[in-house]
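Here are my notes on the model you sent over. Have it open while you read, and tell me where you see things otherwise.

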Amino acid sequence: MKRRPLLAGNWKMHTTVAEAHALAVEIGKCSEGLDDRDVILAPPFTSIHEVASVLKDSCVEVVAQNVCWEEQGAFTGEISPLMLKEAGVTSVIIGHSERRQIFSEDHELINKRMLGALKYDLKPIFCIGETLAEREGSKTFTVLEEQLKGGLAGLSLRDMQKTVIAYEPVWAIGTGKTATKEQAQEAHAFIRKLLSEMYEKDIADTIRILYGGSVKPDNVDELMAQSDIDGALVGGAALDAESFCRIINFI
Ligand code: PGA
């Protein structure tokens, strides 16, 4: 089944407002006419407004890197779904491995963020992935299943239709080590099979599963050629206009 490709750039904790502006201008230009795929950018919160205004007439959507489940209140350091929507955000990354590892976000917390985002009509990009030790200990599939079931608990079929999954092996993030196309395809096929057991095959067939972890101009084409890889979640290479432009223009 053909799913519409989705290319996502995650700027993490990089870019001043001026740098974000300049990068968004370049990405806006090289995304012109790309009507057979979706392109999204996740700037840091402080640059969301600027990037959204630069890209308002383009096909590039602005998304966030995290979200709280409450719309307001005493949640120092968090960001409300309503605040994101007001800033023009349509989707949000949830459960990134940096949140899980550095900030100890567990399945329960990630699940609250998922349900919170959906309640306010923000589309989640839900990240899962194993560490090197887990892969070497043959635990990849067990870990992916735990993360999937934990993070998606309580999501309805309708919610799943709005959700994107990102498979990001932790050992491939920011390391320059990409999963081979075979390793990535194997994990994506496993995730899709699990989704069809948890929901329905028809739904699982429509859910986009992105690959993330050292996606670069020189590996994007072969990754995107895999039958269960529907897009890429790009970190480092999304901070370089030329590289990201090549990635979104994958062949
Ligand atoms: P990377 O990051 O492309 O720098 O490996 C990917 C990610 O964290 O989403």
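The points below go through this predicted model element by element.

1. Let's start with the strands. E4 (residues 91-94) and E5 (residues 123-128) pair in the parallel sense, with four bridges between them. If you want a residue to look at, Val92 sits opposite Pro124 in E5. On to E6 (residues 164-167): four bridges join this strand to E5, and the two run parallel. Here Phe126 is opposite Ile165 in E6.

2. How enclosed is E5? Five of the six residues of E5 are buried, so the rest of the structure largely encloses this strand.

3. The pairing carries on through E7. E6 and E7 are parallel and joined by three bridges, with Ile165 standing opposite Ile209 in E7. E7 in turn runs parallel to E8 (residues 231-234), again with three bridges, and the bridge partner of Gly212 in E8 is Leu233.

4. Which residues of E7 (residues 209-212) are buried on each side? Ile209 and Tyr211 are on one side, Leu210 and Gly212 on the other, and all are buried, leaving both faces of the strand covered. As background, side chains in a regular strand alternate between the two faces of the sheet.

5. Now the nonpolar packing. The largest nonpolar core has 67 residues, and the members that touch the most others are Leu152, Ile165 and Leu195. Helix H9 (residues 181-198) supplies the largest share of this core, six residues. There is also a second, separate core of twelve residues, which includes Ala42, Val63, Ile93 and Leu210.

6. Ile165 deserves a click of its own. Setting aside neighbours within four places in sequence, its contacts include Phe126 and Ile128, then Leu148, Leu152 and Met160, and also Ile191 and Leu195. Ile207, Arg208, Ile209 and Leu210 are on its contact list too.

7. Helix H2 (residues 45-54) has a clear inside. Its buried residues are Ser47, Ile48, Val51 and Ala52. Viewed down the axis of H2, they fall within an arc of 140 degrees, so they line one face of the helix. The face turned away from that buried side carries the exposed residues Thr46 and His49. What covers the buried residues? Among the covering elements are helix H1 (17-30), strand E2 (38-42), strand E3 (60-62) and helix H3 (81-86).

8. On the cysteines, the structure holds one disulfide. Cys30 and Cys245 form this link, with their sulfur atoms 2.0 Å apart. The angle about the S-S bond is -75 degrees, making the link left-handed. Cys30 is in helix H1 and Cys245 in helix H12 (residues 241-248), so the pair ties together parts 215 residues apart in sequence. Cys245 is buried, at a relative accessible area of 13%.

9. Arg3 is worth a check. This residue lies in the segment before strand E1 (6-10), yet Arg3 counts as buried because its relative accessibility is 9%, below the 20% cut-off. What does its side chain meet? There is a polar contact with the side chain of Asp230 at 2.8 Å, and a polar atom of the Arg3 side chain lies 3.0 Å from the backbone oxygen of Ser227. Not counting residues up to four places away in sequence, Arg3 also touches Arg192, Asp205, Thr206, Ile207, Arg208 and Asp228.

10. Last one: Gln185, in helix H9. Its relative accessibility is 16%, so Gln185 counts as buried. Leaving aside neighbours within four places in sequence, Gln185 is in contact with Gln226, Ser227, Asp228 and Ile229. Ser227 and Asp228 are also among the residues that Arg3 touches, so look at Gln185 and Arg3 together when you inspect that stretch.

Key:
Residues are numbered from 1 along each chain as its sequence is written. This is a predicted model: local features need pLDDT of at least 70, side-chain atom pairs count only at pLDDT 80 or more; totals for chains, interfaces and linings use all residues. Side-chain values use heavy atoms; hydrogens and water are left out. Buried means under 20% relative accessible area, exposed over 50%, partly exposed in between (1.4 Å probe, protein chains only). A polar contact is a pair of N or O atoms within 3.5 Å; within protein, one must be able to donate a hydrogen and the other to accept it, and residues adjacent in sequence count only if both atoms are side-chain atoms. Contact means heavy atoms within 4.5 Å. The arc is that of the directions from the helix axis to the C-beta atoms. A disulfide is a pair of cysteine sulfur atoms within 2.5 Å. A nonpolar core is a set of buried Ala, Val, Leu, Ile, Met, Phe, Trp, Tyr and Cys residues joined through side-chain atoms within 4.5 Å. Two strands pair if DSSP finds at least two bridges between them.
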